[in-house]
Amino acid sequence: MSIIEHELGEPNMFEKEFLKPMYAKSNLKFQKKFQENPLGFECNVCDRLWFLNDLDDVISKTNCIELLSKEFPEENVENFKACSNCLAALKKTKIPNMSRSNGFKYPLPELA
Ligand SMILES: [Zn+2]
């Protein structure tokens, strides 16, 4: 269902003939960017939530498996997916500042 159909009910002849083709490209873009790209996937390094397409496999994009293994010794870092911010740091063989290993975890620890 397009945005026009969703918001206004059944499209009339004008909408079908004129508006729908005009918005077809936008509808397709919206569909790919949001409907087929769910939100709520965590970066395994910084623990922030992202759209699925915003995350990439660390193993295919960087050469930092050994570095990450030292930082997260009890986890299988070969399966890590990371956001572009974390990947940029990892490509420079640096642990990102916002890394879970630096205390940026969710949920937050209880304050005494
Ligand atoms: Zn990240």
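User: What makes this predicted model one to be read with confidence in most of its residues, and where is confidence lowest?

Analyst: The model is predicted, and its mean pLDDT is 87, on a scale from 0 to 100. Of the residues in the protein chain, 91% reach 70 or more. Confidence is lowest in helix 1 (residues 3-8), at a mean of 55, and highest in strand 4 (residues 81-82), at 97. Where pLDDT is low, the predicted coordinates should not be read in detail.

User: Which elements does the protein chain have, and in what order do they run?

Analyst: The protein chain has five helices and four strands. From the N terminus on, the order is α-α-β-β-β-α-α-β-α.

User: Why is the protein chain called more spread out than a compact globule?

Analyst: The globule rule gives 13 Å for 112 residues, whereas the radius of gyration is 21 Å, well over that value; the protein chain is therefore more spread out than a compact globule. Its C-alpha atoms fill a box of roughly 65 × 40 × 20 Å along the principal axes. The chain is divided into domain 1 (3-35) and domain 2 (39-100), and 37 Å separate the centres of these domains. Buried residues make up 16% of the 112 residues.

User: How do you know that the buried residues of helix 5 lie on the same side?

Analyst: The buried residues in helix 5 are Cys86, Leu87 and Leu90. They cover an arc of only 100 degrees around the axis, and so they are on the same side of helix 5. On the other side, Ser84 and Lys91 are exposed, the cut-off for which is 12 or fewer C-beta atoms within 10 Å. The buried residues of helix 5 pack against strand 3 (56-57), helix 3 (58-61) and strand 4.

User: With which residues is cysteine 64 in contact, leaving aside its neighbours within four places in sequence?

Analyst: Cysteine 64 is in contact with Val58, Leu90 and Thr93, a contact being C-beta atoms within 7 Å. Of these residues, Leu90 is buried in helix 5, and threonine 93, which follows helix 5, has a positive phi near 50 degrees.

Key. Residues are numbered from 1 along each chain as its sequence is written. This is a predicted model: local features need pLDDT of at least 70, side-chain atom pairs count only at pLDDT 80 or more; totals for chains, interfaces and linings use all residues. Helices (H or I, at least four residues) and strands (E, at least two) are DSSP runs, numbered from the N terminus. The radius of gyration is taken over C-alpha atoms; the globule rule is 2.2 Å times the number of residues to the power 0.38. A residue is buried if 20 or more other C-beta atoms lie within 10 Å of its own, exposed if 12 or fewer, and partly exposed in between; C-beta atoms are placed from the backbone. Domain bounds come from an automatic or database domain assignment. Two residues are in contact if their C-beta atoms, placed from the backbone, lie within 7 Å. The arc is that of the directions from the helix axis to the C-beta atoms.
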